[in-house]
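Reader: I have a structure open and have not looked at it before. Could you walk me through it?

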Amino acid sequence: MDARNWDQAIRKLGKKATPQRKAILTALSQQDKPATVDEIFIEVREHQKTSLSTVYRNLELLFSQGLINKQGFPGEKARYSLKRDTHEHTLVCIDCRKIVAITGCPLESYAVEIGLRENFVVLDHRMEMYGYCQKCSQIRGRVSD
Ligand SMILES: [Zn+2]
Ligand SMILES: [Zn+2]
């Protein structure tokens, strides 16, 4: 999703594309990995008068409307990122939290198959894979004992 489509996307949900919300989406688009509320707040504050709780509320709104991703590892702050596509799968680096989007869906035919087998109407699915990105696996390789 690029900046030109945000107005549209937000309005389609019946919400106002306030400068605040656009600034949050812009801030998210500038992150190369999922960011915490604090990180997004620092970025938005550069351009907008805002508060941490406003940024948090808007992030939760955008997440609940399906415009952004939210993920959290146990015991850590939630991290938010832009949804680049309506349907995408990701590789998540458990070291630096970098996310690599996978193009194409390997589960489409499986979803149909499992739906038929379980007599279940499958509408959507999620899949994330965890591991080390190229950079982190190289670093690990170097320091391994
Ligand atoms: Zn990494
Ligand atoms: Zn899929």
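**Strands and helices, piece by piece**

Author: A place to begin is one residue pair: L91 has M129 as its bridge partner in β6. Keep in mind that this is a predicted model.

Reader: Which strand is joined to β6 there, and how do the two run?

Author: Strand β4, residues 89-93, is joined to β6 by four bridges, and the two run parallel. Another pair to look for is C93, which stands opposite G131 in β6.

Reader: What is the bridge partner of L91 in β5?

Author: In β5 the partner of L91 is V100. Four bridges join β4 to β5 as well, and these strands run antiparallel.

Reader: What lies between β4 and β5?

Author: Five residues, and the two strands form a hairpin. R97 is in the turn, with a positive phi of about 70 degrees.

Reader: What order do the strands of that sheet have?

Author: The order is β5-β4-β6, in an open sheet of three strands with mixed pairing. β5 (99-102) and β6 (128-131) each have a single partner strand and stand at the edges, so one side of each is left without a neighbour in the sheet. Ignoring direction, neighbouring strands of this sheet are turned by 20 degrees against each other on average.

Reader: OK, zooming out. How many helices and strands does the chain have?

Author: Six helices and six strands. Along the sequence the pattern reads α-α-β-α-α-β-β-β-β-α-β-α. The C-alpha atoms fill a box of roughly 50 × 50 × 30 Å, taken along the principal axes.

Reader: Which domains does the assignment give?

Author: The domain assignment gives domain 1 (1-84) and domain 2 (85-145). Their centres, taken over C-alpha atoms, are separated by 22 Å. Six residues from domain 1 and seven residues from domain 2 make up the contact.

Reader: What classes of residue are on the domain 1 side?

Author: The side of domain 1 that touches domain 2 has four charged residues, one polar and one nonpolar.

Reader: Back to sheets. What is the strand order in the one with β1?

Author: That is an open sheet of three strands in the order β1-β3-β2, and the pairing is antiparallel. β1 (35-36) and β2 (68-71) are the edge strands, each pairing on one side only. β2 is joined by four bridges to strand β3, residues 79-82, and these run antiparallel. K70 stands opposite Y80 in β3.

Reader: Now the helices. How do you describe two of them packed together?

Author: By the angle between their axes and the distance between the axes.

Reader: What are those values for α3 and α4?

Author: Helix α3 (residues 37-45) and helix α4 (residues 52-64) pack at about 115 degrees, and their axes are 9 Å apart. α3 and α4 are therefore roughly perpendicular to each other. The crossing in which α3 passes α4 is right-handed.

Reader: Which residues in α3 and α4 meet?

Author: From α3 there are V37, I40, F41 and V44, which meet L52, V55, Y56 and L59 in α4. By class, this contact of α3 with α4 has eight nonpolar residues, no polar and no charged ones.

Reader: And α2 against α3, at what angle do the axes cross?

Author: Roughly 115 degrees, where the axes of helix α2 (residues 19-29) and α3 come within 9 Å. That makes α2 roughly perpendicular to α3. α2 passes α3 in a right-handed crossing. In the contact, A23, I24, A27 and L28 of α2 meet I40, E43 and V44 of α3. Those residues divide into six nonpolar, no polar and one charged.

Reader: I24 and I40 are both in that list. Where else do they turn up?

Author: I40 is one of the α3 residues that meet α4. I24 is among the α2 residues that meet α4: Q20, R21 and I24 in α2 meet T54, V55, N58, L59 and L62 in α4. The contact of α2 with α4 has four nonpolar, three polar and one charged residues by class.

Reader: What angle do α2 and α4 pack at?

Author: About 80 degrees, with the axes 10 Å apart. That makes α2 roughly perpendicular to α4.

Conventions. Residues numbered from 1 in each chain as written. Chains lettered and ligands numbered in written order. Predicted model: local features only at pLDDT ≥ 70, side-chain atom pairs only at ≥ 80, totals over all residues. Pairing = 2+ DSSP bridges. Axes fitted to C-alpha atoms, helices over the stretch in contact; angles between N-to-C directions. Parallel < 35°, antiparallel > 145°, perpendicular 65-115°, else oblique. Left-handed = near helix turned anticlockwise from the far one by under 90°. Contact = placed C-beta atoms within 7 Å. Nonpolar A, V, L, I, M, F, W, Y, C, P; charged D, E, K, R; others polar. Domains from an automatic or database assignment.
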